Amino acid sequence: MKNPFLLGMKNCKTSVFAVLSLVIILNGLSTFVVVVQAGAESKVHIVYLGEKQHDDPEFVTKSHHRMLWSLLGSKEDAHNSMVHSYRHGFSGFAAKLTKSQAKKLADLPEVVHVTPDSFYELATTRTWDYLGLSVANPKNLLNDTNMGEEVIIGVVDSGVWPESEVFKDNGIGPVPSHWKGGCESGENFTSFHCNKKLIGAKYFINGFLATHESFNSTESLDFISPRDHSGHGTHVATIAGGSPLHNISYKGLAGGTVRGGALRARIAMYKACWYLDNLDITTCSSADLLKAMDEAMHDGVDVLSLSIGSRLPYFSETDARAVIATGAFHAVLKGITVVCSGGNSGPAGQTVGNTAPWILTVAATTLDRSFPTPITLGNNKVILGQAMYTGPELGFTSLVYPENPGNSNESFFGDCELLFFNSNRTMAGKVVLCFTTSKRYTTVASAVSYVKEAGGLGIIVARNPGDNLSPCVDDFPCVAVDYELGTDILFYIRSTGSPVVKIQPSKTLFGQPVGTKVADFSSRGPNSIEPAILKPDIAAPGVSILAATSTNKTFNDRGFIMASGTSMAAPVISGVVALLKAMHRDWSPAAIRSAIVTTAWRTDPFGEQIFAEGSPRKLADPFDYGGGLVNPEKAAKPGLVYDLGLEDYALYMCSVGYNETSISQLVGKGTVCSNPKPSVLDFNLPSITIPNLKEEVTLTKTLTNVGPVESVYKVVIEPPLGVVVTVTPETLVFNSTTKRVSFKVRVSTKHKINTGYFFGSLTWSDSLHNVTIPLSVRTQLMQNYYDEN
């Protein structure tokens, strides 16, 4: 049996990823791998049959076997071919099929689509106080909901480390009565690892094994069980609903209480991602992932959290290959809110993933926390860099920037990527300054290793100011500065014959004056699939988040690590959703999303503007953070919500041109799209995005009262620059008989040229509640030219 404490940490590697793959984001880094499919005749395919036609799961599974039997000719062949039967949230199966067999199944009228299996890869102490959910405050959402005790958060990820203290169930009541799941035994994992906190743990590997036939389960570092190898799943689960632990820190930095958002909520882990030793990556079969979501629907989870993001080019949410969108659609119809990370491909526009309008998509921000690290130059100038350096002070030491001074035949290289070309004597016994434009963590990690191997004593990396901060390994001084400060240091080096520098340990600074920013890596809108659907929906802290991990990934003896990415931001929202679900059991996923979006901060909690990291840094807009930074306390009492149901989703699919037959099979009832088709702008999201306004357009929205019965709301408009916005009526009146009211929004442009997006907002206010949605408009007049000529 493998000793988990002997498992070594692995370095991130970057290579090219195959078509149809998606990426789970780990530590803010996106890792790709070439997935080489064998030339065998049979491959795993997912056969999707839409909404299930029978409530008995066994009956559904038998119907799947009969379909395979009729295709393959024998029960034995059907049994050997079957990989998974999807029978709870929807109907379908995964099976090993040849191309011709897959084509025959796809031609059957009851089959919605057949797609080849694709693979996915694995992509706090301050968070909750920062968001206003302090345990010490007796009057807030956390305490009003008994900390989410009756809510179950399902996490689909890389597994769980059950010994972690964050899964202790001290003081937690009985398992919620609506739980139907269980705890599955396997390698180094038994049902006894579950308790009243970690109430469920299952693993799904058949799809993975069907493709990776050479996978050696005995020799693999991963565990053939729900146990977590990479630590990613444990980290995510901690953020969403971990029990509180006191006096946790990363080597003295960021110390305090680590806990989840809904710290009494129950956790159910669905492991669908597996470690490949030879490639040093964790990958997830879409067949296994879909089975995990199907089981979670059966088991009774209230929230599904997936820290999984896709890569360009994206598939439409109605595309057969968009399995997360497919599974999420069925989950939402069952009242389960599905929360997904938006991806780590920022700051470029049109990079946000998980764009289906029934998914709650999350961007990442910083916290009001930084780690200033004093750098003192020989001229007594003090520069504050950023690091997580907790070693001893490095006294005045020689400082070098490896460049050819003009009187030497030897080559010198000051680019961080090229430091290994320098001779050891260039860097030995010195602190090295280098510059990089690379955004990859591996660039800095490699530069550090080059300097250490050459006998250097420290490194100062000048880079993009928005790049992610990573811990210094083995307490080797590695400090990040922006290009301006790096240039100041370089000018000092060039000004003297004997430059020296002193580096002091990092400190933790939080609260004001540390500003909140949308993280540089956080993927941005607009939505490249359907621009009229605003994505991301919301933002939450996702930078340098301290949470539990597997012990082979720990930076201290209690099993905790700091990590960054939208992977860390998504479970923050999952925790908030769990609290809202505990308070409002009857709210739909759309109502919960609306409450979160319409009450969000458009400033930080201190009232300061939120910037978006990038080049150059700018004020954040809806394509950076959706509705804004989540404000849990306000979300509990939003006043009004923009709700959605099955009919709305069907109309949306009609509006974007989805096939009527496929819509009917997806929703489980006959659907006929109107002619002309409905406008996507009428889809009742808590946002208005008009990607190609030519002259004017009128759209309709509907609000549902969830506040005081007798309420009167008046409209307040902040129009985008050069855009005229008129709302009718300007007053909405709610009472005991009128709980839903529609209004029309007329939008026209003053611009005479094609423009980029301009931003504004539309707010309904009753003096107690401010129900605000973002308004994004782009003028596009070019089509008129072609129409007229």
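In which sense do β23 and strand β24 pair, and over how many bridges? The model is predicted, and in it the two strands pair in the parallel sense over 4 bridges. Strand β24 covers residues 478-481. Within this pairing, I459 stands opposite C478 in β24.

β23 has another partner. Strand β22, residues 431-435, is joined to β23 by 5 bridges. These strands also run parallel. Here V432 stands opposite I459 in β23.

Now look at β23 itself, residues 458-462. Is the strand enclosed or open? 5 of its 5 residues are buried, so β23 is largely enclosed by the rest of the structure. In a regular strand, side chains alternate between the two faces of the sheet. In β23, G458, I460 and A462 point one way. I459 and V461 point the other way. Both sets are buried.

Turn next to a helix pair. Helix α8 spans residues 286-299, and helix α9 spans residues 323-333. They pack at an angle of about 10°, with their axes 10 Å apart. Angles under 35 degrees count as roughly parallel, so α8 is roughly parallel to α9.

Which residues of α8 and α9 meet? From α8 come S286, L289, L290, M293 and M297. From α9 come V323, I324, G327, A328, H330 and A331. By class, this contact has 8 nonpolar and 3 polar residues. It has no charged residues.

How values were computed
Residues are numbered from 1 along each chain as its sequence is written. This is a predicted model: local features need pLDDT of at least 70, side-chain atom pairs count only at pLDDT 80 or more; totals for chains, interfaces and linings use all residues. Side-chain values use heavy atoms; hydrogens and water are left out. Axes are lines fitted to C-alpha atoms, for helices over the stretch in contact, and angles run from 0 to 180 degrees between N-to-C directions. Angles under 35 degrees count as roughly parallel, over 145 as roughly antiparallel, 65 to 115 as roughly perpendicular and the rest as oblique. Contact means heavy atoms within 4.5 Å. Ala, Val, Leu, Ile, Met, Phe, Trp, Tyr, Cys and Pro count as nonpolar, Asp, Glu, Lys and Arg as charged, and the others, Gly among them, as polar. Buried means under 20% relative accessible area, exposed over 50%, partly exposed in between (1.4 Å probe, protein chains only). Two strands pair if DSSP finds at least two bridges between them.
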